[in-house]
Amino acid sequence: MLQIERHEKIVQYINEIQKTTTEQLAEQLNVSKPTIRRDIDTLSKAGLIRKVHGGAVAVSSTSLHEIPYSNKQNTNASAKQKIGIAAARLIESGDIIILDSGTTSLEVAKNLDKPEITVLTNDIKIAMELAVKDNVQTFVCEGRLNTPVYTLSGSAPIEFFRKVHVNKLFLGCDALDFSFGISDSNSETAEAKKAMIHAADEVILITDASKIGKKTFCYVCDISNIHTIITDTLDDIALRIFKENGTDVILTDYLDGI
(Lines give C-alpha, C1' and ligand atoms only; values in the text may rest on other atoms or scores of the structure.)
Protein backbone atom coordinates (compact mmCIF):
# COMPACT_ATOMS: atom_id res chain seq x y z
CA MET A 1 0.00 0.00 0.00
CA LEU A 2 1.31 3.45 -0.93
CA GLN A 3 1.87 5.96 1.88
CA ILE A 4 -0.74 8.29 0.35
CA GLU A 5 -3.34 5.51 0.34
CA ARG A 6 -2.46 4.55 3.92
CA HIS A 7 -2.86 8.14 5.10
CA GLU A 8 -6.28 8.37 3.47
CA LYS A 9 -7.37 5.11 5.11
CA ILE A 10 -6.15 6.31 8.51
CA VAL A 11 -8.12 9.55 8.27
CA GLN A 12 -11.26 7.75 7.10
CA TYR A 13 -10.94 5.12 9.84
CA ILE A 14 -10.46 7.68 12.64
CA ASN A 15 -13.30 9.88 11.33
CA GLU A 16 -15.54 6.82 11.42
CA ILE A 17 -14.74 5.54 14.92
CA GLN A 18 -13.57 8.89 16.40
CA LYS A 19 -10.58 7.50 18.33
CA THR A 20 -8.08 4.66 18.02
CA THR A 21 -4.80 3.36 19.40
CA THR A 22 -1.52 2.88 17.60
CA GLU A 23 -1.93 -0.88 18.05
CA GLN A 24 -5.40 -0.86 16.49
CA LEU A 25 -4.23 1.11 13.47
CA ALA A 26 -1.19 -1.12 12.98
CA GLU A 27 -3.42 -4.20 13.02
CA GLN A 28 -6.06 -2.59 10.79
CA LEU A 29 -3.53 -1.65 8.10
CA ASN A 30 -1.12 -4.53 8.63
CA VAL A 31 1.93 -2.32 9.18
CA SER A 32 4.36 -1.80 12.03
CA LYS A 33 3.66 0.43 15.02
CA PRO A 34 6.69 2.69 14.24
CA THR A 35 5.21 3.27 10.76
CA ILE A 36 1.82 4.16 12.26
CA ARG A 37 3.45 6.53 14.76
CA ARG A 38 5.15 8.38 11.88
CA ASP A 39 1.85 8.49 9.98
CA ILE A 40 0.07 9.92 13.03
CA ASP A 41 2.77 12.59 13.40
CA THR A 42 2.44 13.59 9.73
CA LEU A 43 -1.37 13.67 9.71
CA SER A 44 -1.52 15.49 13.03
CA LYS A 45 0.81 18.23 11.77
CA ALA A 46 -1.43 18.56 8.71
CA GLY A 47 -4.45 19.05 10.96
CA LEU A 48 -6.25 15.96 9.65
CA ILE A 49 -6.29 14.10 12.99
CA ARG A 50 -5.27 14.89 16.57
CA LYS A 51 -2.42 12.97 18.18
CA VAL A 52 -2.98 11.76 21.74
CA HIS A 53 -0.99 9.53 24.06
CA GLY A 54 -1.03 6.01 22.61
CA GLY A 55 -2.99 6.85 19.47
CA ALA A 56 -5.12 9.48 17.73
CA VAL A 57 -8.61 10.98 17.72
CA ALA A 58 -10.73 12.78 15.16
CA VAL A 59 -10.25 16.54 15.16
CA SER A 60 -13.08 18.90 16.03
CA SER A 61 -14.87 20.16 12.92
CA THR A 62 -13.60 17.09 11.07
CA SER A 63 -15.64 18.10 8.05
CA LEU A 64 -13.25 20.95 7.30
CA HIS A 65 -10.21 18.69 6.82
CA GLU A 66 -9.54 16.70 3.68
CA ILE A 67 -6.68 14.89 1.99
CA PRO A 68 -4.96 17.44 -0.31
CA TYR A 69 -5.79 17.38 -4.02
CA SER A 70 -2.28 16.40 -5.12
CA ASN A 71 -2.43 13.32 -2.89
CA LYS A 72 -5.85 12.31 -4.18
CA GLN A 73 -4.78 12.78 -7.79
CA ASN A 74 -1.95 10.28 -7.40
CA THR A 75 -4.12 7.63 -5.70
CA ASN A 76 -5.56 5.00 -8.08
CA ALA A 77 -4.75 7.29 -11.03
CA SER A 78 -5.10 4.61 -13.71
CA ALA A 79 -8.53 3.53 -12.45
CA LYS A 80 -9.72 7.15 -12.38
CA GLN A 81 -8.54 7.75 -15.94
CA LYS A 82 -10.49 4.73 -17.21
CA ILE A 83 -13.58 5.78 -15.28
CA GLY A 84 -13.31 9.25 -16.81
CA ILE A 85 -13.22 7.83 -20.33
CA ALA A 86 -16.19 5.53 -19.69
CA ALA A 87 -18.22 8.32 -18.11
CA ALA A 88 -17.60 10.72 -21.01
CA ARG A 89 -19.02 8.10 -23.39
CA LEU A 90 -22.42 8.50 -21.67
CA ILE A 91 -22.60 12.20 -22.49
CA GLU A 92 -24.56 13.15 -25.60
CA SER A 93 -24.47 16.26 -27.78
CA GLY A 94 -26.50 19.02 -26.22
CA ASP A 95 -26.42 17.57 -22.71
CA ILE A 96 -26.42 19.80 -19.66
CA ILE A 97 -24.44 18.11 -16.92
CA ILE A 98 -23.03 18.64 -13.46
CA LEU A 99 -19.46 17.58 -12.82
CA ASP A 100 -19.04 17.19 -9.07
CA SER A 101 -15.69 18.20 -7.61
CA GLY A 102 -12.84 15.71 -7.46
CA THR A 103 -10.01 14.07 -9.34
CA THR A 104 -12.24 11.43 -10.99
CA SER A 105 -14.58 14.14 -12.29
CA LEU A 106 -11.52 15.92 -13.67
CA GLU A 107 -10.84 12.85 -15.81
CA VAL A 108 -14.38 13.10 -17.19
CA ALA A 109 -13.74 16.74 -18.08
CA LYS A 110 -10.58 15.80 -19.96
CA ASN A 111 -12.56 13.46 -22.22
CA LEU A 112 -15.52 15.67 -23.14
CA ASP A 113 -15.49 15.68 -26.94
CA LYS A 114 -19.19 15.89 -27.95
CA PRO A 115 -20.48 19.22 -29.34
CA GLU A 116 -22.62 21.70 -27.43
CA ILE A 117 -22.09 20.42 -23.91
CA THR A 118 -22.99 22.60 -20.93
CA VAL A 119 -21.17 21.88 -17.67
CA LEU A 120 -21.95 23.16 -14.20
CA THR A 121 -19.28 22.57 -11.56
CA ASN A 122 -18.01 23.52 -8.12
CA ASP A 123 -14.40 22.62 -8.92
CA ILE A 124 -11.77 25.16 -10.00
CA LYS A 125 -9.51 22.51 -11.56
CA ILE A 126 -12.36 21.24 -13.71
CA ALA A 127 -13.24 24.78 -14.80
CA MET A 128 -9.63 25.37 -15.84
CA GLU A 129 -9.60 22.13 -17.82
CA LEU A 130 -12.80 23.07 -19.65
CA ALA A 131 -11.74 26.66 -20.34
CA VAL A 132 -9.83 25.58 -23.46
CA LYS A 133 -12.61 23.38 -24.88
CA ASP A 134 -14.62 25.19 -27.58
CA ASN A 135 -17.35 22.52 -27.45
CA VAL A 136 -18.15 23.15 -23.77
CA GLN A 137 -19.97 26.03 -22.10
CA THR A 138 -18.95 26.14 -18.43
CA PHE A 139 -20.73 27.60 -15.41
CA VAL A 140 -18.90 27.76 -12.08
CA CYS A 141 -20.77 28.37 -8.84
CA GLU A 142 -19.72 30.96 -6.29
CA GLY A 143 -18.23 29.89 -2.99
CA ARG A 144 -15.29 29.78 -0.64
CA LEU A 145 -12.25 28.08 -2.16
CA ASN A 146 -11.18 25.02 -0.19
CA THR A 147 -7.53 25.20 -1.23
CA PRO A 148 -6.41 21.63 -0.43
CA VAL A 149 -8.94 20.21 -2.91
CA TYR A 150 -9.86 23.20 -5.19
CA THR A 151 -13.55 22.83 -4.31
CA LEU A 152 -15.88 25.81 -3.86
CA SER A 153 -17.79 25.38 -0.62
CA GLY A 154 -20.13 27.24 1.72
CA SER A 155 -23.81 28.07 1.26
CA ALA A 156 -23.45 29.56 -2.24
CA PRO A 157 -22.84 26.25 -4.11
CA ILE A 158 -25.78 24.65 -2.30
CA GLU A 159 -28.11 27.47 -3.38
CA PHE A 160 -26.67 27.43 -6.91
CA PHE A 161 -27.42 23.74 -7.48
CA ARG A 162 -30.85 24.00 -5.86
CA LYS A 163 -31.92 26.40 -8.63
CA VAL A 164 -30.88 24.42 -11.72
CA HIS A 165 -31.98 21.37 -13.71
CA VAL A 166 -29.60 19.10 -15.65
CA ASN A 167 -29.72 15.91 -17.69
CA LYS A 168 -26.92 14.10 -15.90
CA LEU A 169 -24.92 14.41 -12.69
CA PHE A 170 -21.51 12.79 -12.41
CA LEU A 171 -21.23 12.40 -8.66
CA GLY A 172 -18.07 11.69 -6.71
CA CYS A 173 -17.83 10.36 -3.17
CA ASP A 174 -15.37 9.75 -0.36
CA ALA A 175 -17.00 6.49 0.71
CA LEU A 176 -19.82 4.08 -0.09
CA ASP A 177 -21.25 1.67 2.47
CA PHE A 178 -24.17 -0.57 1.53
CA SER A 179 -25.99 0.14 4.81
CA PHE A 180 -25.02 3.78 5.45
CA GLY A 181 -25.05 4.84 1.80
CA ILE A 182 -22.81 7.40 0.10
CA SER A 183 -20.88 9.74 2.38
CA ASP A 184 -18.44 12.64 2.23
CA SER A 185 -15.82 13.96 4.66
CA ASN A 186 -17.08 17.56 4.38
CA SER A 187 -20.54 18.59 5.63
CA GLU A 188 -20.88 21.55 3.25
CA THR A 189 -19.82 19.47 0.27
CA ALA A 190 -22.27 16.75 1.30
CA GLU A 191 -25.12 19.30 1.26
CA ALA A 192 -24.03 20.52 -2.18
CA LYS A 193 -24.07 16.93 -3.45
CA LYS A 194 -27.65 16.53 -2.17
CA ALA A 195 -28.66 19.62 -4.14
CA MET A 196 -26.92 18.24 -7.25
CA ILE A 197 -28.82 14.95 -6.93
CA HIS A 198 -32.13 16.80 -6.68
CA ALA A 199 -31.25 18.81 -9.81
CA ALA A 200 -30.47 15.85 -12.07
CA ASP A 201 -32.63 13.52 -14.17
CA GLU A 202 -29.89 10.88 -14.00
CA VAL A 203 -27.32 10.37 -11.24
CA ILE A 204 -24.10 8.61 -12.27
CA LEU A 205 -21.69 7.74 -9.46
CA ILE A 206 -18.03 7.74 -10.51
CA THR A 207 -15.67 6.18 -7.99
CA ASP A 208 -12.83 3.72 -7.88
CA ALA A 209 -13.39 0.51 -5.94
CA SER A 210 -11.12 1.53 -3.04
CA LYS A 211 -13.97 3.68 -1.63
CA ILE A 212 -16.59 0.94 -1.69
CA GLY A 213 -17.42 -0.78 1.59
CA LYS A 214 -16.46 2.28 3.65
CA LYS A 215 -18.18 5.22 5.32
CA THR A 216 -17.04 8.62 6.45
CA PHE A 217 -18.32 11.72 8.23
CA CYS A 218 -21.42 13.01 6.40
CA TYR A 219 -24.28 11.09 4.78
CA VAL A 220 -25.15 12.12 1.21
CA CYS A 221 -27.71 9.65 -0.15
CA ASP A 222 -28.83 6.03 -0.33
CA ILE A 223 -27.64 3.67 -3.04
CA SER A 224 -31.19 3.71 -4.43
CA ASN A 225 -30.61 7.33 -5.54
CA ILE A 226 -27.89 6.18 -7.96
CA HIS A 227 -29.00 5.27 -11.48
CA THR A 228 -25.56 4.14 -12.70
CA ILE A 229 -22.22 3.45 -11.06
CA ILE A 230 -18.96 3.50 -13.02
CA THR A 231 -16.06 1.88 -11.19
CA ASP A 232 -13.07 -0.30 -11.95
CA THR A 233 -14.11 -3.57 -10.33
CA LEU A 234 -16.64 -5.08 -7.90
CA ASP A 235 -16.92 -8.36 -6.05
CA ASP A 236 -19.96 -10.57 -6.65
CA ILE A 237 -21.73 -9.44 -3.47
CA ALA A 238 -21.42 -5.73 -4.32
CA LEU A 239 -22.52 -6.39 -7.89
CA ARG A 240 -25.61 -8.22 -6.66
CA ILE A 241 -26.53 -5.42 -4.23
CA PHE A 242 -26.31 -2.76 -6.92
CA LYS A 243 -28.43 -4.78 -9.32
CA GLU A 244 -31.04 -5.47 -6.61
CA ASN A 245 -31.26 -1.69 -6.09
CA GLY A 246 -31.84 -1.13 -9.81
CA THR A 247 -28.44 0.50 -10.35
CA ASP A 248 -26.75 -0.06 -13.71
CA VAL A 249 -23.11 -1.07 -13.32
CA ILE A 250 -20.22 -0.24 -15.65
CA LEU A 251 -16.91 -1.91 -14.77
CA THR A 252 -13.98 -0.36 -16.60
CA ASP A 253 -11.68 -3.32 -15.99
CA TYR A 254 -13.89 -5.29 -18.37
CA LEU A 255 -14.37 -2.68 -21.09
CA ASP A 256 -12.49 -2.89 -24.38
CA GLY A 257 -10.58 0.12 -25.64
CA ILE A 258 -9.95 1.72 -22.26
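**Ground rules**

I worked on a predicted model, where local features need pLDDT of at least 70, side-chain atom pairs count only at pLDDT 80 or more, and totals for chains, interfaces and linings use all residues. I number residues from 1 along each chain as its sequence is written, and side-chain values use heavy atoms, with hydrogens and water left out.

**Entry 1: the whole chain**

I looked up the secondary structure first. The protein chain holds 10 helices and 15 strands. Helices (H or I, at least four residues) and strands (E, at least two) are DSSP runs, numbered from the N terminus.

Next I checked the overall size. Along the principal axes, the C-alpha atoms fill a box of roughly 55 × 40 × 30 Å. The radius of gyration of the protein chain is 18 Å, which agrees with the value near 18 Å for a compact globule of 258 residues. That radius is taken over C-alpha atoms, and the globule rule is 2.2 Å times the number of residues to the power 0.38.

Then I turned to burial. Of the 258 residues, 50% count as buried. Buried means under 20% relative accessible area, exposed over 50%, partly exposed in between (1.4 Å probe, protein chains only). The accessible surface comes to about 11900 Å², and 48% of it belongs to carbon and sulfur atoms. Areas come from the Shrake-Rupley method with a 1.4 Å probe; for residues, only the protein chains shown count as cover.

I also looked at contact range. Among contacts with a separation of 6 or more, 58% join residues 24 or more positions apart. Contact means heavy atoms within 4.5 Å.

**Entry 2: α8 against α9**

Helix α8 (residues 155-162) packs on helix α9 (residues 187-199) at an angle of about 5°, with the axes 8 Å apart. That makes α8 roughly parallel to α9. Axes are lines fitted to C-alpha atoms, for helices over the stretch in contact, and angles run from 0 to 180 degrees between N-to-C directions. Under 35 degrees counts as roughly parallel, over 145 as roughly antiparallel, 65 to 115 as roughly perpendicular and the rest as oblique.

From α8, I158, F161 and R162 meet E188, E191, A192, A195, M196 and A199 of α9. By class, this contact has 6 nonpolar, no polar and 3 charged residues. Ala, Val, Leu, Ile, Met, Phe, Trp, Tyr, Cys and Pro count as nonpolar, Asp, Glu, Lys and Arg as charged, and the others, Gly among them, as polar.

**Entry 3: α1 against α3**

Helix α1 (residues 3-17) and helix α3 (residues 33-45) cross at roughly 75°, and their axes come within 11 Å. That makes α1 roughly perpendicular to α3. R6, H7, I10 and V11 of α1 touch T35, I36, D39, T42 and L43 of α3. The contact divides into 4 nonpolar, 3 polar and 2 charged residues.

E16 lies in α1 and is partly exposed, at 38% relative accessible area. K82 is 66 residues from E16 along the chain, and their C-alpha atoms are separated by 29 Å. R37 lies in α3 and is partly exposed, at 42%. R37 and L25 are 12 residues apart in sequence and 9.5 Å apart, C-alpha to C-alpha.

**Entry 4: S105 and α6**

S105 sits in helix α6 (residues 103-110). S105 is buried, with a relative accessible area of 1%. Leaving out residues up to four places away in sequence, S105 touches L99, D100, I126, F170 and I206. Helix α6 is mostly covered, with 7 of its 8 residues buried. Those are T103, T104, S105, L106, E107, V108 and A109.
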